[in-house]
Amino acid sequence: MDDFNKQSTLQPPYWKPENRVAGDAGSGAGTAARMKLADKAADMKDRVTDFGRKAVDTLDHSRETAAEALDASASTLHSRGDQLSGAAHSAASKIHSTANYVRNTDLKGMADDVEHMLKRHPVQTLAAAAFLGFLVGRAFRGYD
């Protein structure tokens with residue numbers, strides 16, 4: 001019985017790292033695969049980040065272009081407002097205000113403002129959405 005309880009000191013336990021065979025390709029291949037996957041994930045993250053940055057830049061440029069067009073329309077209304085009426089001056093002032101809002105507010109700010117407005121006026125929002133849906137439905141239905 002003494003021989004059974006006596007542990008051999010010649011062979012270390014199988015779970016120790018020094019017991020690995022020098023040519024063990026399994027762990028090296030796994031490490032290489034993990035590194036390759038990590039590189040691909042980092043590359044994909046960089047691509048998505050660049051795409052998002054380009055999209056925001058494009059939208060910011062579009063905001064400036066829209067604001068300039070609104071300003072030009074408002075100026076035209078102001079210049080011809082003397083001929084038309086005070087309503088034209090009022091409309092031109094509102095268009096100038098809209099142009100300034102578009103120029104000075106980023107997309108997140110605009111989304112927050114729209115959300116706030118929708119919460120303040122839910123009935124009017126639903127009515128406008130229904131009307132817009134009706135118009136879009138008529139446009140896609142065509143002429144029967």
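What pLDDT does the protein chain average? The average is 77, and 76% of the residues score at least 70; pLDDT is the predictor's confidence in each residue, from 0 to 100. This is a predicted model, in which local features need pLDDT of at least 70 and side-chain atom pairs count only at pLDDT 80 or more, while totals for chains, interfaces and linings use all residues. Residues are numbered from 1 along each chain as its sequence is written, and side-chain values use heavy atoms, with hydrogens and water left out.

**Confidence by element**
- Helices (H or I, at least four residues) are DSSP runs, numbered from the N terminus.

**Salt bridges**
- The whole structure holds 6 salt bridges, each defined as a side-chain nitrogen of Lys or Arg within 4 Å of a carboxyl oxygen of Asp or Glu.
- D43 and R47 form a salt bridge (3.5 Å, N to O); they are 4 residues apart in helix α2 (residues 25-84), so about one helical turn separates them.
- R47 is exposed, at 53% relative accessible area, whereas D43 is partly exposed, at 38%.
- Buried means under 20% relative accessible area, exposed over 50%, and partly exposed in between (1.4 Å probe, protein chains only).
- R103 and E64 also form a salt bridge, with their closest N and O atoms 3.5 Å apart.
- This pair links distant parts of the chain, as R103 lies in helix α3 (residues 86-104) and E64 in helix α2, 39 residues apart.

Notes
Helix = DSSP H or I, 4+ residues; strand = E, 2+ residues; numbered from the N terminus.
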